[in-house]
Amino acid sequence: MKISPNARASAAQILFAVMEDGVSLGDVIKPSLPDRALVQQLCYGCLRSYFLLSSLLQPLLSKSIKKKDRILHYLLLVGIYQIRDLNIPNHAAVSETVAAVNIINKSWAKGLVNAVLRNYLRQQDDLVTRENEEVLFNHPQWLIDKIKLNFPLHWQAILKANSERAPMCLRVNARLCQRDDYISLLQQHDIHATPHPIVDSAIVLDAPCDVKQLPGFYDGLVSVQDASAQYCGFLLPLADSSAVLDACSAPGGKACHLLERFTDLRLTAIDISEIRNKLTQENLSRLQLSAQLLSADACDLDTWWDGERFDGILLDAPCSATGVIRRHPDIKFLRRENDFKALANTQLNLLQHVWQTLKPGGHLLFATCSIMSEENDGVIEKFLQQQSSAMLITLKLNIGHATKHGWQILPGEEDMDGFYYCLFQHECQ
Ligand SMILES: C[S@@+](CC[C@H](N)C(=O)[O-])C[C@H]1O[C@@H](n2cnc3c(N)ncnc32)[C@H](O)[C@@H]1O
């Protein structure tokens, strides 16, 4: 995809790619993108408030935008979002957005974009938006309904949290420094942060920053990771020198955390994606850690397993990512209602296969960043019906909710991402 160097035009092109072609934001907003910070802010902001912005735009258009000109819809959302939510002077927001029409090859629409944005400026206090749930909560209705069904008591809090910006959270490398010392180091660099109240390795920054600004980042002192993902590293009972499998490991966040916590861990880190494994290798190198890194389908035991059983297994399974919508607002639009069944089947298949590689007495932690029970407890239910050697260990965390088989943190609770955890022990023979 060719993205222009003009921030408003880029944002419109990226929104078009996400909404019309199903491309993920992470695949297009690369570090090398010109004016990346602003483009990212425009895209994330427009997706977080998509239904509200569209509803504000609608009465300003005398006729609907033709399908072949659909990119103008996204450019106008970018324009309204800047006026409404960003600290950009109105005249600059309008003129820069109008200038972007040339870049997206819609020069004929200069007058239209100018008129709509100026009308918005004039009428913004009186515009009446539709009062439906999509507009109120900025999620597609099917997803609102699904979250309601899963969490009849918490659905509104979840939808609200999904529309907030997530904090930047760091994991301190326990091998190299103490959390309080790193917070002091940050302070010396004018970066203000607090210890996470629940997760011992986590630090929450008052404001996000570029990792380049973090002291010692390239020497491995810290990594960027949400506190709920860091929780995984504390839930799997391990000892120094244990043989551990991380069955879905890329980009290596949790694998590195385990290596930071336990010395001489013999870690096998598998991922099906060779490209994502390169990211794991980069993280291992930066943090001065090592693991056996394999590109393989974890279900295909013949291709990677030598028959030696593991003391512990982490299965951080591919999932709907419905717990991390606040960090990835494109998920609301990329997910489809019928994705969940296939994801649950994939998770069950992974669980059934990697279970065979666990020692009697060993532990397996199943985790997802999903909040949907058909992926989480639903998968565990089926697994337990088939696998008599699997014993559930009751988890009790300091935040979140017990579920039938595991534990669920909901998005926004203690400002954490949504995460599900379930711990098993292999019956001793
Ligand atoms: C939730 S992500 C893992 C995140 C990782 N544990 C971390 O903390 O950085 C799920 C990963 O599973 C991988 N995956 C999906 N199917 C797989 C399979 N059959 N075998 C191995 N890896 C798989 C994906 O490529 C993806 O990197």
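User: Which residues come nearest to the ligand?
Analyst: Lys 254, Asp 271, Arg 276, Asp 297 and Asp 316, out of 19 residues around the ligand. A residue counts as near if one of its heavy atoms lies within 4 Å. This is a predicted model, where local features need pLDDT of at least 70, side-chain atom pairs need 80 or more, and totals for chains, interfaces and linings use all residues. Residues are numbered from 1 along each chain as its sequence is written, and side-chain values use heavy atoms, without hydrogens and water.
User: How far is Asp 271 from the ligand's oxygen atom?
Analyst: One of its polar side-chain atoms is 2.6 Å from a ligand oxygen. Lys 254 has a side-chain N or O atom 2.8 Å from a ligand oxygen. A polar backbone atom of Ile 272 sits 3.1 Å from a ligand nitrogen. Polar contacts here are pairs of N or O atoms within 3.5 Å.
User: And how much of the ligand does the protein cover?
Analyst: 85% of the 610 Å² of accessible area that the ligand has on its own. Those areas come from the Shrake-Rupley method with a 1.4 Å probe.
User: What classes make up the shell?
Analyst: The shell has 10 nonpolar, 4 polar and 5 charged residues. Nonpolar means Ala, Val, Leu, Ile, Met, Phe, Trp, Tyr, Cys and Pro; charged means Asp, Glu, Lys and Arg; the others, Gly among them, are polar.
User: New topic. How many aromatic pairs are there?
Analyst: The whole structure has 14. Rings of Phe, Tyr and Trp (its six-membered ring) pair if their centres lie within 6.5 Å; planes under 30 degrees apart are stacked, over 60 edge-to-face, the rest tilted. Tyr 50 and Phe 333 form an edge-to-face pair, at 5.3 Å centre to centre and 70 degrees between the planes.
User: What does that pair tie together?
Analyst: Tyr 50 is in helix H4 (residues 50-57) and Phe 333 in helix H16 (residues 331-334), so the pair links parts 283 residues apart in sequence. Helices (H or I, at least four residues) and strands (E, at least two) are DSSP runs, numbered from the N terminus.
User: Which peptide bond is cis?
Analyst: The one from Ala 250 to Pro 251, with omega near 5 degrees. Pro 251 lies in the loop between strand S5 (243-246) and helix H13 (253-261).
User: What about Asp 190's phi?
Analyst: Positive, about 65 degrees, although Asp 190 is not a glycine. Its place is the loop between helix H11 (179-188) and strand S2 (193-195).

Methods. A polar contact is a pair of N or O atoms within 3.5 Å; within protein, one must be able to donate a hydrogen and the other to accept it, and residues adjacent in sequence count only if both atoms are side-chain atoms.
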